[in-house]
Amino acid sequence: MAPQKTLTPLAWALLISLGLIWGVIFPAAKIALTEVSAITIVANRTFWAALMLWGIVWLRGLPVPHTPRLWLGFAVMGILNNVLPFSLIFWAQQHIEASLASILNGSTAIFGVLVAAIFLADERLSARKLLGIVIGFLGVATVIGLEHLREFDLRSAGQLAVLGATLCYALAGVWARKTLAGVGPTVASAGMLSAAALVAVPVAWAMEGPPALALSPVTFAVLAYIAIPGTGLAYLLYYRVLGLAGSGNLMLVTLIVPPVAIVISTLGLGETLSANAILGFGMIAFGLAILDGRILRRRAIRV
């Protein structure tokens, strides 16, 4: 196993920036949903972000793959990593708080470790990873409140939809490992988002007709934010941090996003969270810390 990389000041700055950018998306989407549908947000997010990234590909003169195998890989990634999870999360936010959606989305890394262990031979579960997964899932159960599932309603469905999105992200990570190795991150992101837009734009058109222009300036602003910095720029930051700090340190972004979303949603949208949601987030964070492993290593050193 490769040793854990050290987080340099630059890596920390980029990681925090990524967490801030993604944290804002949850309350921004809540605002957009007052005028447009979930799939329309997905269509805007993927289309404009893809255009931005293809512009960067062109400016840098990066080679564009032409093999059908790679474009099939982009197509599956576009569905698994963009269309399905984005649609599920934005639909869910019609029925649950933006801050709650961000907390449940924080379980992405937990699902990622579990799915990788199932499908990838070099990602086997250790006792430490298993403990982290169990604690993380207990945190998810605490957030949802299993007693609420007995009275299943749209709020319960919304929470499960966000969990479905995290599972999609986990499966997308495995698919990328198996099919997109060797493809540059900017080209891979542009190809993936293009495939996603080719699905989302026609579906949004069929559901709502031609793009609506009679939207408020605030809605236009949040749609632009979600697409350009929230997706296009965020992917560039994501892969930059991955290269600088490694996947283990990159996982820390899942601990930055929820507090950002919670603060903005509380101050800007007037949302409140239950004590169970806060406790559950703490348990998810603890599970992620165990998966990360550095806390246990430091304790062992001190002992």
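Modeller: Buried means under 20% relative accessible area, exposed means over 50%, and partly exposed lies in between, with a 1.4 Å probe and protein chains only. This is a predicted model, in which local features need pLDDT of at least 70 and side-chain atom pairs count only at pLDDT 80 or more, while totals for chains, interfaces and linings use all residues. Residues are numbered from 1 along each chain as its sequence is written, and side-chain values use heavy atoms, with hydrogens and water left out.

Biologist: Does Lys129 count as buried or exposed?

Modeller: Lys129 lies in helix H6 (residues 127-144); helices are DSSP runs of H or I with at least four residues, numbered from the N terminus. Contact means heavy atoms within 4.5 Å. Beyond its neighbours within four places in sequence, Lys129 is in contact with Val113, Glu123, Arg124 and Leu291. Its relative accessibility is 13%, so Lys129 counts as buried.

Biologist: Which residues of H5 and H12 meet?

Modeller: Helix H5 covers residues 108-119 and helix H12 residues 275-292. From H5 come Ala109, Ile110 and Val113, and they meet Ile284, Leu288 and Leu291 of H12.

Biologist: How are H5 and H12 oriented to each other?

Modeller: Axes are lines fitted to C-alpha atoms, for helices over the stretch in contact, and angles run from 0 to 180 degrees between N-to-C directions. H5 and H12 pack at an angle of about 45°, with their axes 9 Å apart. Angles under 35 degrees count as roughly parallel, over 145 as roughly antiparallel, 65 to 115 as roughly perpendicular and the rest as oblique. H5 and H12 are therefore oblique.

Terms used:
Helices (H or I, at least four residues) and strands (E, at least two) are DSSP runs, numbered from the N terminus.
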